[in-house]
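Please view the sequence and the model before reading on.

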Number of protein chains: 2
Amino acid sequence: MNTPIQSNTKEQILNVAERLFAERGFAGTSLRSVIGEAGVNLAAVHYHFGSKEELFRAVVSRIAKPVVAAQLERLAHCQANSEPPSVEAILEAFLTPPLKVICSGGEPGINRAQFLGRCRTEPDSIQTIAQQEFEASEQSFLDVLQRSLPDQSRTELSWKLDLVIAVLIRVATEAGKPNALLQGNSPEDIHLVVSRLVRFLASGMRA
Amino acid sequence: MNTPIQSNTKEQILNVAERLFAERGFAGTSLRSVIGEAGVNLAAVHYHFGSKEELFRAVVSRIAKPVVAAQLERLAHCQANSEPPSVEAILEAFLTPPLKVICSGGEPGINRAQFLGRCRTEPDSIQTIAQQEFEASEQSFLDVLQRSLPDQSRTELSWKLDLVIAVLIRVATEAGKPNALLQGNSPEDIHLVVSRLVRFLASGMRA
DNA sequence: GTCTATAATTCGATAGAC
DNA sequence: GTCTATCGAATTATAGAC
């Protein structure tokens, strides 16, 4: 069984890049600072990722992929129960996966939350990269929301979902801090927080 | 009249620091990059502000002071009309001043919005500095909210107000972009956006 | 004082040996 | 896959003409 051992260089770079991007932002993080802490060669970054932007995209993608998959699965599940689903069910499907993934990671989890928050204050060219990774999910949720709230324009639902995401990211970034909404990372903790957020947001979506 | 002319060195440093902190974050901004663009000596920073952290606080403070003052004035005004005021009136008093200040500045206004967004993704030690500058206002609004919504615990109102701020900052940061909620900066634009946000948030505050 | 030319640095990216 | 060496672009600093 000569299964080629996956070098840990790639993952090492991703781990350091995730933390440094979270701490210093995209422009503030040089590739040389990443390879320094990761203990790898500069050329390895370009070999594995191609460019700094693609490295950034890979960091986003590693976070986004399981989240988006879980969101779409939950969305399909609640559509199977009723079509269109209630606003509450849609919000629950949207909010639960990111909170689960981000909270179940300990120290790296905090980095990921901070990283996602950072993405939204980056210049447009970078913010777009992050946006693209979550776009498929957001469009699907917008489609279902549109059917659940047919009286509202796409534009209106669009900025409302954007504000839902702002709330979600704030909760994730603050997780674990004193007085934060989200303290532990047990399924019960997450379920409680999601139901509170749904109550906080659902009527605003309808308004 | 030997009134000492206020050197513009201090303001110059503040202007450049505001922009660089917004673009690169606290850690990503070196004092040398600030003094470089400001055209002043490194020692001037320590003379006027004492340290990099205090410079950061000064930048926050310059943004926060007029915003907080206007918020408290509006809060007092709506308390004069009815005590306790409605949730809608409280939210309107809270949201209007920052949107006005941030939107009426052109290019620097965008910097300020981005800066405030950045603050919330900084490490705790830095985030705390920003928090302190807005604390007086937030406490006052929490007090009034508490009387307006006596059934909810302080803790509950606290995280809800925190999410209101997350929404506010998102709207400010996105201002002017395509599909953004806030496009222009006329009083009518701002009033329309505030009323939409109040509708989006008010029922969630009560839930 | 202001402007231009250029030297020095930093950074992302690539080629080629191993 | 990893390394050394180097390129080209962008930025910053300095020198010198006017």
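**How the copies meet**

The copies meet through the same surface, because 100% of the interface residues of chain A are also interface residues in chain B; two residues are in contact if their C-beta atoms, placed from the backbone, lie within 7 Å. This is a predicted model, in which local features need pLDDT of at least 70 and side-chain atom pairs count only at pLDDT 80 or more, while totals for chains, interfaces and linings use all residues. Residues are numbered from 1 along each chain as its sequence is written, and chains are lettered from A and ligands numbered from 1 in the order in which they are written.

DNA strand C is surrounded by residues of chain A, including R32(A), H46(A) and K52(A); a residue is near a strand if its C-beta atom, placed from the backbone, lies within 6 Å of it. Helix α3(A) gives the largest share of this surface, three residues (helices are DSSP runs of H or I, at least four residues, numbered from the N terminus).

In chain B, the axes of helix α7 (residues 124-148) and helix α8 (residues 154-174) come within 10 Å and cross at roughly 125° (axes are lines fitted to C-alpha atoms over the stretch in contact, and angles run from 0 to 180 degrees between N-to-C directions). Among the residues that meet here are F141(B) and L145(B) in α7(B), and L157(B) and L161(B) in α8(B).

Definitions and conventions:
Helix = DSSP H or I, 4+ residues; strand = E, 2+ residues; numbered from the N terminus.
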